[in-house]
Amino acid sequence: MRARLLALTAALALVTPALAACGNNGPSITVYNAQHEELLNKIVPIFEKKYGIDVKLRSGSDLELANQLVQEGDASPADVFLTENSPAMALVDRAGMFSTIDHDTQSLIPEQYQPSDHKWIGFLGRSTVAVYNTDKLSESDMPASIMDFAKPEWKGRIAFSPTGADFQAIVSAVLATQGEAKTAAWLKGLAANGTTYDGNDVVLRSVNDGEVDAGIIYHYYWYRDQAESGDNSDHSALHFFGNQDPGAFVSTSGAGVLASSDHQSDAQKFVHFLADQEGQQAMADSYALEYPLNPKVDLGHDVKPFSSLDPPKVDIASLNSKTVVQLMQDAGLL
């Protein structure tokens, strides 16, 4: 009897660590993340608590991670890919690397912010704007079109950040709506007129300090600074382009599930969370001040309402980062 008890105790000693190991080894997904890391650090714990799925983030820039995914192919450890701007999503989609997004997730977001193949989905939007120094200009001085910044009267007066994915997405919208010849001419005019900086926050500060009269950025840089101290925005205001001008372009942050993922169901749950009311509200309540694309969620925060924007109708799946980079190189901006 004693021998049997000793044997049973020994067996339990072997089994117990194994059970504990199983308990600490629950479901997990790996997300290649090109969205703002601070935003994901806020919303990921909400998802993990709700679904019991651990999320491992690998963060980088839009095109850096997109090109890495294409290089890795089916061997990629990524289950989900998130971007700030849609050209990087289109690059991976053209490589045939995404699964189809679940239909119930598709139904949460307007068709305008999804590609027709439904291989990925938009979940946040950022409006293109011009920021101007209020000591130098008034709203009536601002041009009707972003294309006007290439005209001679703006020489030495306009700033932008050409090296980031943000500006390159705006150029993609100009290319999609104006064609290659007009885009090339616009870029050459901007190169002649403009002062370039590394980052939209630097563009905002340069305008606020009066170094230049105006700059091209996304809306949330100004609103975020206003919500904090206003030190980099108090002497500036935003000009929203309308009439479906390329300057009213809404850049779409995208999410897609990799077809090579071994965790399809869990990855689809994560993308669904990004689009559903709970996830969208969490992002609306965050510091990000980007527009939720689920119509049931309002950004608020005294940001210009999404419904009042008049962006151009652009096929987000057609935005071409490769041609944009070539055109910008030809203009001497890269």
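Helices (H or I, at least four residues) and strands (E, at least two) are DSSP runs, numbered from the N terminus. The structure described here is a predicted model, in which local features need pLDDT of at least 70, side-chain atom pairs count only at pLDDT 80 or more, and totals for chains, interfaces and linings use all residues. Residues are numbered from 1 along each chain as its sequence is written, and side-chain values use heavy atoms, with hydrogens and water left out.

**The chain as a whole**

The protein chain holds 12 helices and 10 strands. Along the principal axes, its C-alpha atoms fill a box of roughly 100 × 40 × 35 Å. Of its 334 residues, 53% count as buried, where buried means under 20% relative accessible area, exposed over 50%, and partly exposed in between (1.4 Å probe, protein chains only). Contact means heavy atoms within 4.5 Å. Among contacts between residues at least 6 apart in sequence, 76% join residues at least 24 apart. The chain exposes about 14,500 Å², and carbon and sulfur atoms supply 50% of that area; accessible areas come from the Shrake-Rupley method with a 1.4 Å probe, and for residues only the protein chains shown count as cover.

**Phe47**

Phe47 lies in helix α2 (residues 37-51). Phe47 counts as buried because its relative accessibility is 0%. Leaving aside neighbours within four places in sequence, Phe47 is in contact with Gly52, Ile53, Val55, Asp266, Lys269, Phe270 and Phe273. One of these, Phe273, is 226 residues from Phe47 in sequence, yet the two are 7.1 Å apart in space, C-alpha to C-alpha.

**Helix α8**

Helix α8 covers residues 200-208, and its buried residues are Asn200, Val203, Leu204, Ser206, Val207 and Asn208. These buried residues pack against several elements: the strands β4 (120-133), β5 (158-160), β7 (214-218) and β8 (236-239), and the helices α6 (165-178) and α9 (219-227). Just after α8, Gly210 takes a positive phi of about 85°.

**His301 and Asp302**

His301 sits in the loop between β10 (291-292) and α12 (321-330), and Asp302 is placed in the loop between β10 and α12 too. Neither is a glycine, but phi is positive in His301 and in Asp302. The table lists the values.

| Residue | Phi | Relative accessibility | Class |
|---|---|---|---|
| His301 | near 60° | 43% | partly exposed |
| Asp302 | about 60° | 77% | exposed |
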